[in-house]
Amino acid sequence: NYTPVGIGVTVKNVIRKVNQKFCEISGYNEIELIGKSLRILFHSKKEFDRVGKFKFVPSEIEQSKTTEAKFIRKDGKIIDVQLTSTLIDKNNSESGISFSIIDNTDIKRVSENIKESEKKFRLLAENMQDVIWTIDLKGKFTYVSPSFKYVTKESPDKIIGHHVKDFVNPKDYQHIKKSIKLICTEIQTKS
């Protein structure tokens, strides 16, 4: 009952058992789920059919199958889940499937926000006349804007992966080195 993962058992697409976390994720209680078709959990028949195509073939009997799916909660909210299924009895595909779900909705939303932010950053960086660059915690360039070529007549790719100290004024490098050290200290403090 205290697992962070929703777990259930289904036989021929009919729900036979679920844990408390599964109920929390789906918004249904156990009584509302037992004996019902798995279809009630999928946001569309098309999604149900897509996920249902992941059949177990003899060469994969001892493996679990994992896919992403869109579930619809009892309250109508559509959520993104990671669904992992395993045959209960590898010698009898009719014995049923145990499955687990993890709600990935927040992770998906954060990932999409990061992608959108990166897209905006790249649009700005690639259209500015100033040189913008990023470095990792070791001081190596991870990004250099295209304007680098207009300032130096060199391709930005020339310095990606190289250390910042090889390309900046020694006085500037001391400031950068202090900043990197401060960031590393903050990261270690938060860990």
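Thr105 touches Ile79 and Asp80, residues up to four places away in sequence not being counted; contact here means heavy atoms within 4.5 Å. The model is predicted: local features need pLDDT of at least 70, side-chain atom pairs count only at pLDDT 80 or more, and totals for chains, interfaces and linings use all residues. Residues are numbered from 1 along each chain as its sequence is written, and side-chain values use heavy atoms, with hydrogens and water left out.

**Thr105**
- Thr105 is found in helix 4; helices (H or I, at least four residues) and strands (E, at least two) are DSSP runs, numbered from the N terminus.
- With a relative accessibility of 14%, Thr105 counts as buried. Buried means under 20% relative accessible area, exposed means over 50%, and partly exposed lies in between (1.4 Å probe, protein chains only).

**Fold and extent**
- Six helices and seven strands make up the secondary structure of the chain.
- Read from the N terminus, the order of elements is β-β-α-α-α-β-β-β-α-β-β-α-α.
- The chain has a radius of gyration of 25 Å, well over the 16 Å from the globule rule for 191 residues, so the chain is more spread out than a compact globule. The radius is taken over C-alpha atoms, and the globule rule is 2.2 Å times the number of residues to the power 0.38.
- The C-alpha trace spans about 70 × 35 × 35 Å along its principal axes.
- Of the contacts in the chain with a separation of 6 or more, 32% are between residues 24 or more positions apart.

**Surface and charge**
- Of the 191 residues in the chain, 27% are buried.
- The chain exposes about 13,300 Å², and carbon and sulfur atoms supply 54% of this area. Accessible areas come from the Shrake-Rupley method with a 1.4 Å probe; for residues, only the protein chains shown count as cover.
- The chain carries 34 positive and 25 negative charges, and their mean positions are 1 Å apart. Lys and Arg count as positive and Asp and Glu as negative, while His and the chain ends are not counted. Each charge is placed at NZ of Lys, CZ of Arg, CG of Asp or CD of Glu.

**Salt bridges**
- Side chains of opposite charge can pair when their charged atoms come close.
- The structure holds 12 salt bridges, each being a side-chain nitrogen of Lys or Arg within 4 Å of a carboxyl oxygen of Asp or Glu.
- One of them joins the side chains of Glu68 and Lys108, with an N to O distance of 2.8 Å. Glu68 belongs to strand 3 (residues 65-72) and Lys108 to helix 4 (residues 105-126), so this pair ties together parts that are 40 residues apart in sequence.
- Glu68 is partly exposed at 44% relative accessibility, and Lys108 is partly exposed at 27%.
- Lys119 forms a salt bridge with Glu116, where the closest N and O atoms are 3.7 Å apart. Lys119 and Glu116 are three residues apart in helix 4, which separates them by about one helical turn.
- Lys119 counts as exposed at 56% relative accessibility, whereas Glu116 is partly exposed with a relative accessible area of 36%.
- Arg122 and Glu126 also meet in a salt bridge through their side chains (3.7 Å, N to O). Both residues lie in helix 4, four residues apart, about one turn of the helix.
- Arg122 is partly exposed, at 41% relative accessible area, and Glu126 is partly exposed at 39%.
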